[in-house]
Amino acid sequence: MLVAALRTFVLACLVALPSSSVTWAQELPDPALFDRIVVEAKVVGLVSQPEEVILRALGVKIGAPAPDMRSERRIESVFQSYGVFVDGEPKVKSVPGGLSITFHVKEFEVDLEPGFLGNETYSVKRLKEWAGLTGRSDLYLYEADGIVHKLTEGYRQQGFHFVEIEWLAGGRSEDGRHQEVIFLVREGPKVRCRGVEIVGNTSLPAQGVLFWKSGLRNEARLKTKGPGLFSWFGGVFEEETLQSDLIAMREVYRNRGFLDAKVEIERLDFNDKRNRVRVHVRVDEGPLYKVASLKVRAVDRSDATVGWNDVTASDLKTVDLIIPAGELLAKTELKPGAAFEQARLNHDRGEISRAYGARGYLEAGLFLNSSESNGFRFLTPKVLYDVEKAEVHVTYEIVQGRQLFIHSVELLGNLHTRDRVARREISMLPGELADLDKLHDSLARLRGSGYYSDRQDPSHPEATFQLRTVPGEPDQVAVDFIVEEGRVVDFQLSGGVASDNGVVGLMSLTMRNFDSTKLPRSFGSTFGEIYSKDAFHGNGESLSLNVSPGSEVSFWSASYQHPDLFGRHFDRWGGGFEALNRDRIFSSHDEDRTRVRLDTSRYFGQGDLAIRTGPVIQRIEYTDLSATFALPATLTLAPLHSDFHGWEFFLTWSRLDNRQIPRDGFYTDLRTTYYGGPLGGDNDLVKTEFNLEVFQPIGEDLGDARPGWYTSFGAGWAVPFGDSNLVHYGERFFLGGSVDLRGFEFRGVGPNDGDFSSGGEGMLKGSFEYRYPIYTTAIPGTSRRQEVLRISPFVDWGVLSVNHDNLSFSQLRSSAGVTFSLVNPIPISFSFGWPIDQGIGDRTEVFSFRLSLR
């Protein structure tokens, strides 16, 4: 009875305290009294709290002017901080010298250390975290019911569906102020889901296997799941999550045009122990609504002085379309007869916005203050529903805005990189039409440059942009690209292992935004200034130094590239060099290769198309030819020491979204090297190689976590001339390994001679992959995700010809398989490949792997 009475009293107080605040009676003391001096003040009804503490909290001080007694904030503060409820208005009366104020209060009981019983699974510390009691020990009795609710929610989020919690009040202290509170917990079993059975989903049935499933549960991305690859015993069952899943499934149906769809729980089947449940969901899809008509209407404000945030439908008037309606409707997918799907509507919004953006009518949402901009707006479509016919009549309403031109282009946050280096990635210039495609292309180039990203920190903010209106110039727009420079100096001590190369170590220094002229102030400050980007940073040059000892392959290399020798934004001239030495142990022999290259580069436009040319000097030495195996003639006829003097032409064309980790776009190159002849050396040959890579993401843009197709094609020809009638073994083409023609050993693809491949003077190869992220993690501070685990089914093919003029597809080799890759934080790939077509003497290898520790 005592507990029930106390709870009734608390509820009565809370009713009188909306949002934990007190409302004074209508008859308040005369406001004129509030400025008079307080000469006497007292608080009636206190049990344990000192009177002076409560008066101070109420703002009352003897000898000071009386505070405004109408302040609800003061009353609320006393209630929340001390559990003291001010009962009614204060009694204020005039006395000689000032005022006398009397407060009548009720003091809530408090437990200095609440107790918990029955919490077998979770500690008291965890329960206090759920209850919001961390950092405090006292608990007012009026809070007990709220604590029960919080604890119940905490347990249910962990799968304790049947948890029951109640609180009991114990004995009082001598002063009557303190009373013990005990929370009694009956946890019950932790419930896991055995599966979700859905019936009635006729239009969205479950299809596919493993990671290629489709259907309602996949589109809704249900979080209530049964046993799976990463949860063998089933996911934790939480009813709140299940309710969210129901909402998600209803949303899927509405987005697909089933506007009347109902998705409800039919029943929950628990086992005898109540620790497993099977969820049964029933779907009533209802009719599929289709588009009966589609129109496009351009509108504008009747009164231009009315802000867009204040515009109503009655403030709009119809205006002429700048782009003909037929041209706009031809871009739409939401055509008469089509299902009224949200995806089609989103597509149409994007296509119409892009059509206007390409003409300089930029979206208002891109502006810093969109309500004040003259930008393009795609308003909420007008939809008339015909329930009987299950049809909709749709009108796209657009505000066309004004055609805009570039006033200025600014780079914000570009503290260390030279301005011209960053600006060569920007496709637009002041005075030009504000083309949305160029704007997004410029942003993609800035992101892909690598100057403003940090591969080691996924939370590093990506480059973005904002638009600003120009005061007094309504046809002009200012563009701000907002960047933050990432880490572009990588020093690594790492190691790795691969089935092709054995165990290797690596010491590497790479600087992607190097500046050879920006010297440190002193030798002692060199490393600190490099780290802070105050030295050797900002000119877009690249420098790379690598030393790698290994069990089968050891190498060192040094390279430098200057992309803009004469300081031009576009159509640049560059130059550089590369030197390397690679010592490799094969089963058939040991090869030591040293190569030095100098080059001059010409970049066309912004550098997507580039030509590099320059001299190449190379030496190949063979030792330890095997006496155990039968060696191919192409190897035994090769000189043990060979010098190559040549000239290289290298053409590249690249449109990748990111130069370090491409996800979208293509890359192609054509390399031709002329050795010998008037250039000297021991070998006369012309070697040409062609490579093409295409990356095509699919699905919703979720950052780096999109599935996609990867296609590659390669071709090569090596033709001897002059005194050479056979291409040197070291310059022939080979296939097989963990990259090319997986399913075969490294260099395990024939034509074969003896125990090894002869190598080819002609080569064709290709690969086709579907890359699917099977596990992703959220990028902190964003709504995007990064890929962690990936599965990639693949088909590889290739063919070699001993001589350059007799390439035959009768020698075609092919394989198929699957690669599992850990993308972050340590790049590891495991490939399982099985040959489809193989030749006599080919060496196969089902399993291959690559690992790089960084």
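These legends describe close-up views of a predicted model. Local features need pLDDT of at least 70 and side-chain atom pairs count only at pLDDT 80 or more, while totals for chains, interfaces and linings use all residues. Residues are numbered from 1 along each chain as its sequence is written, and side-chain values use heavy atoms, with hydrogens and water left out.

View 1. Helix α11 covers residues 436-448. Helices (H or I, at least four residues) and strands (E, at least two) are DSSP runs, numbered from the N terminus. The expected span is 1.5 Å times one less than the number of residues. For the 13 residues of α11 that gives 18 Å, and the end C-alpha atoms are 18 Å apart, which agrees. Buried residues of α11 include L436, L439, L443 and L446; buried means under 20% relative accessible area, exposed over 50%, partly exposed in between (1.4 Å probe, protein chains only). An α-helix has 3.6 residues a turn, so residues three or four places apart point the same way. Among the elements covering the buried residues of α11 are α9 (342-357), β18 (405-412) and β28 (641-656). At the start of α11, a side-chain oxygen of D435 comes within 2.9 Å of the backbone nitrogen of D437. Just after α11, G450 has a positive phi of about 85 degrees.

**View 2. Salt bridge between D441 and R655.** Their closest N and O atoms are 2.5 Å apart. A salt bridge is a side-chain nitrogen of Lys or Arg within 4 Å of a carboxyl oxygen of Asp or Glu. D441 lies in helix α11 and R655 in strand β28, so the bridge ties together parts 214 residues apart in sequence. D441 is buried at 18% relative accessible area; R655 is partly exposed at 36%. The model's count is 44 salt bridges.

**View 3. Salt bridge between E397 and R297.** The N to O distance is 2.3 Å. E397 sits in strand β17 (residues 391-399) and R297 in strand β13 (residues 290-301), 100 residues apart. E397 is buried, with a relative accessible area of 5%. R297 is partly exposed at 28%.

**View 4. Salt bridge between R468 and D480.** The closest N and O atoms are 2.5 Å apart. R468 is in strand β19 and D480 in strand β20, 12 residues apart. R468 is partly exposed at 29%, whereas D480 is buried at 3%.

**View 5. Aromatic pair Y122 and F160.** Rings of Phe, Tyr and Trp (its six-membered ring) pair if their centres lie within 6.5 Å; planes under 30 degrees apart count as stacked, over 60 as edge-to-face and the rest as tilted. By this rule there are 32 aromatic pairs. The ring centres of Y122 and F160 are 5.9 Å apart and the planes meet at 75 degrees, so this pair is edge-to-face. Y122 is in the loop between β6 (115-117) and α4 (124-131), and F160 in the loop between α5 (144-157) and β8 (164-172). Y122 is buried at 12%, as is F160 at 4%.

**View 6. Aromatic pair F820 and F832.** The centres are 6.5 Å apart and the planes at 75 degrees, so the pair is edge-to-face. F820 lies in strand β36 (residues 813-822) and F832 in strand β37 (residues 828-837). F820 is partly exposed at 33%, and F832 is partly exposed at 30%. Ring pairs link F820, F830, F832, F847 and F849 into a cluster.

Methods. Contact = heavy atoms within 4.5 Å. Polar contact = N/O pair within 3.5 Å; in protein donor to acceptor, adjacent residues only side chain to side chain.
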